[in-house]
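Hi,

Have a look at it first, and then read on for what I found.

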Amino acid sequence: MRDGTLLSVDNVSIYFNRNLKVVNSISFDVDKGEIFGVVGESGCGKSVTAAAVMGILPQNAHYEGEIYFEGKRLSALTAEQRRGLRGNRISMIFQEPMTSLNPVLTVGYQIAEVLMAHRGMSKNDAMARAAELLGDVKIPSPALRVRDYPHQMSGGMRQRVMIAMAIACNPALVLADEPTTALDVTIQAQVLRLLRGIQEKFNMSVVLITHDLGLVSENAGRVAIMYAGRIMESADTATLFKHPVHPYTIGLLNSIPKGRHIPLVPIPGFVPRPDSLPEGCKFSDRCGYVEKRCKEAEPALIEIEKGHLNRCILNDKVVS
Ligand SMILES: Nc1ncnc2c1ncn2[C@@H]1O[C@H](COP(=O)(O)OP(=O)(O)OP(=O)(O)O)[C@@H](O)[C@H]1O
Ligand SMILES: [Mg+2]
């Protein structure tokens with residue numbers, strides 16, 4: 001592992017029910033203090049990858065390969081050591097706060113619980129700190145709102161509570177899984193600005209999972225594009241947006257609205273199910289550049305220039 005690497009996902013495959021492979025040999029590193037974007041359409045394996053890192057894969061799932069965090073091989077840790085990392089050194093912000101917050105406990109108590117569990121704080125100290133954290137995430141009148149139940153807050157505020165909970169123990173890594181998808185556009189921008197501010201202040205690393213390339217271009221330093229459980233292309237964000245080479249990436253970029261008079265070009269078809277993937281390149285069914293050889297063997301992920309990886313044998317033809 002290089003110096004400065006916080007998280008290393010090394011050849012990880014994830015399976016459900018023993019042998020249904022939903023993520024296929026993915027590798028990426030996240031450096032200390034960086035925002036790393038993971039982008040792809042629904043079902044490509046973004047959330048299960050985050051769940052593997054967080055150590056919360058469902059009972060019927062397992063991973064192969066290795067995940068290293070702060071130099072530790074996660075598969076070598078005991079269940080108790082893993083619990084010690086969760087919510088403490090690694091935390092997660094989920095898409096829909098209403099399903100992750102407990103409706104019968106106040107938001108303050110839910111933040112305080114994290115501090116009592118990992119920091120051994122007394123209830124009074126933890127509640128006082130919870131109010132401070134609500135202030136940090138810009139919730140007005142935090143000393144009062146700390147006693148609110150989740151349903152008394154707006155969607156944007158609940159997402160801020162999730163962020164407060166995630167940063168309560170000053171984690172090294174935050175896995176933000178579609179952190180703003182449930183919010184309307186202006187609130188989305190505010191919440192991301194807030195997360196970004198906190199990330200910079202504490203030099204945290206963030207894995208920003210989204211299907212929105214626009215969010216990634218504004219916030220992430222590097223990005224991996226996933227499709228059908230694979231990484232198709234990965235580069236620093238500026239390169240990926242200026243010189244995308246994989247037809248899937250180009251398709252995603254073309255489907256971002258650019259202006260009123262520029263037509264949106266969606267990618268035709270759907271993501272295939274993990275149990276019915278095409279032979280050869282997994283994107284070949286939907287690719288406008290497909291050739292016979294694309295169907296014969298799956299292309300390898302190749303470094304086409306320093307730090308820029310691509311999984312397409314036709315990339316020289318489709319450079320835009
Ligand atoms: N509990 C489960 N049991 C069986 N298969 C599952 C389970 N959870 C996820 N999967 C499958 O694993 C694959 C990856 O799912 P995942 O939730 O990681 O997708 P995603 O990229 O996060 O999609 P989205 O953008 O919709 O959140 C999908 O094919 C999904 O159907
Ligand atoms: Mg998901």
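In this predicted model, strand β1 (residues 5–16) pairs with strand β4 (residues 61–69) in the antiparallel sense, over eight bridges. Strands here are DSSP runs of E with at least two residues, helices are runs of H or I with at least four, and both are numbered from the N terminus; two strands pair if DSSP finds at least two bridges between them. Within this pairing, Tyr 15 stands opposite His 62 in β4. The two strands belong to an open sheet of four, in the order β2-β1-β4-β5, with antiparallel pairing. Its edge strands, β2 (20–31) and β5 (72–73), each pair on one side only.

Residues are numbered from 1 along each chain as its sequence is written, while chains are lettered from A and ligands numbered from 1 in the order in which they are written. Local features need pLDDT of at least 70, side-chain atom pairs count only at pLDDT 80 or more, and totals for chains, interfaces and linings use all residues; side-chain values use heavy atoms, leaving out hydrogens and water.

What lies across the sheet strands β1, β2 and β4? Helix α1 does, running at about 115° to β1 (axes are lines fitted to C-alpha atoms, for helices over the stretch in contact, and angles run from 0 to 180 degrees between N-to-C directions). Eight of the nine residues of α1 are buried, so the helix is largely enclosed by the rest of the structure. Buried means under 20% relative accessible area, exposed over 50%, and partly exposed in between, with a 1.4 Å probe and protein chains only. Val 48, found in α1 (residues 46–54), counts as buried at 19% relative accessibility. Leaving aside neighbours within four places in sequence, Val 48 is in contact with Ile 14, Phe 16, Val 22, Val 23 and Leu 57 (contact means heavy atoms within 4.5 Å). After α1 comes Gly 55, with a positive phi near 80°.

Two residues other than glycine also have positive phi. Glu 70, in the loop between β4 and β5, has a phi of about 50° and is partly exposed at 31% relative accessibility. Lys 138 sits in the loop between α5 (123–136) and α6 (142–145); its phi is near 65°, and it is exposed, with a relative accessible area of 58%.

Now for the helix pairs. Helix α4 (residues 107–119) packs against α5 at an angle of about 115°, with axes 8 Å apart. By class, their contact has 11 nonpolar, one polar and two charged residues (Ala, Val, Leu, Ile, Met, Phe, Trp, Tyr, Cys and Pro count as nonpolar, Asp, Glu, Lys and Arg as charged, and the others, Gly among them, as polar).

How do α7 (residues 155–167) and α8 (residues 185–202) cross? Their axes come within 10 Å and cross at roughly 15°, and the two helices are therefore roughly parallel to each other (angles under 35 degrees count as roughly parallel, over 145 as roughly antiparallel, 65 to 115 as roughly perpendicular and the rest as oblique). From α7, Gly 156, Gln 159, Arg 160, Ile 163 and Ile 167 meet Ile 187, Gln 190, Val 191, Leu 194, Leu 195 and Ile 198 in α8. That contact has seven nonpolar, three polar and one charged residues.

Best wishes
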